[in-house]
Amino acid sequence: MSYIAKILLPNEQVVGVAFLHWIIYLRGLYITAAGGILGCLSRPITEFLFGTLIANDYAKPVTVVSMIIVVYGIILLVGAFIRQIATEIVMTNQRLIAKYGIIARATFEIMASRITGANFDQSVTGRMMGFGTIWVHGAGGEVSPIYNVAEPQKFYRSIIGVLERFQPRV
């Protein structure tokens with residue numbers, strides 16, 4: 001059972017759900033690929049740099065370094081996966097709830113009546129790939145960002161839809 005399902009109030013209904021975008025995997029993918037390419041090309045690289053006679057002496061250390069880089073990339077990928085499955089971001093008809101972490105947990109909850117506004121930012125890359133940052137403005141002037149949200153405009157609309165019920169009409 002998810003954290004959100006456990007803490008919902010009796011008359012509370014989920015209005016919008018946000019997920020982290022796959023872009024969080026990119027750094028780990030780049031590093032893993034770079035290490036793999038370095039490992040595959042370790043012999044040709046050392047031959048090019050040091051010549052055929054010395055290449056055998058340097059190919060093994062380059063291969064070991066490439067394996068270390070691959071392992072580091074895999075660790076980053078696993079960390080991104082854990083981050084993605086351990087993050088829950090939900091807008092209900094009464095509050096915004098964000099939960100991060102599995103063992104060590106950090107939560108962010110703000111009642112909809114205390115939210116004064118929200119906006120979202122997307123870079124050019126974010127627009128092309130479908131991710132961005134949601135900025136939630138609280139009544140005390142506090143601004144809370146939620147980074148790397150997939151389809152931020154959709155989640156933004158769910159926040160604004162709930163806020164319209166709590167904001168006085170002018």
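**Entry 1: order of elements.** I read the protein chain along its sequence and noted the pattern α-β-α-α-α-β-β-β-β-α-β-β-α. I recorded 6 helices and 7 strands; helices (H or I, at least four residues) and strands (E, at least two) are DSSP runs, numbered from the N terminus.

**Entry 2: basis.** I note that this is a predicted model, in which local features need pLDDT of at least 70 and side-chain atom pairs count only at pLDDT 80 or more, while totals for chains, interfaces and linings use all residues. Residues are numbered from 1 along each chain as its sequence is written, and side-chain values use heavy atoms, with hydrogens and water left out.

**Entry 3: overall dimensions.** I looked up the radius of gyration of the protein chain and found 23 Å, whereas a compact globule of 170 residues would have a value near 15 Å. This radius is taken over C-alpha atoms, and the globule rule is 2.2 Å times the number of residues to the power 0.38. Along its principal axes the C-alpha trace spans about 80 × 35 × 25 Å.

Entry 4: Of the contacts (heavy atoms within 4.5 Å) with a separation of 6 or more, 56% are between residues 24 or more positions apart.

**Entry 5: the nonpolar core.** I examined the largest nonpolar core, which has 18 residues; such a core is a set of buried Ala, Val, Leu, Ile, Met, Phe, Trp, Tyr and Cys residues joined through side-chain atoms within 4.5 Å. Those with the most contacts inside this core include Met91, Ile134, Phe155 and Ile159. At least two of its residues come from each of β2 (88–92), β3 (95–100), β4 (106–111), β5 (115–121), β6 (131–138), β7 (143–150) and α6 (152–166). Helix α6 gives the most, with 4 residues.

**Entry 6: Ile134.** I listed the contacts of Ile134, leaving aside neighbours within four places in sequence. Among them are Asn119, Phe120, Ile146, Val149, Phe155, Tyr156 and Ile159.

**Entry 7: positive phi values.** I found Asn148 in strand β7, with a phi near 55°, a positive value in a residue other than glycine. Asn148 is partly exposed, its relative accessible area being 21%. I then turned to Glu151, which lies in the loop between β7 and α6. Glu151 has a positive phi of about 50°, although it is not a glycine. Glu151 is partly exposed, at a relative accessible area of 47%.

Methods:
Buried means under 20% relative accessible area, exposed over 50%, partly exposed in between (1.4 Å probe, protein chains only).
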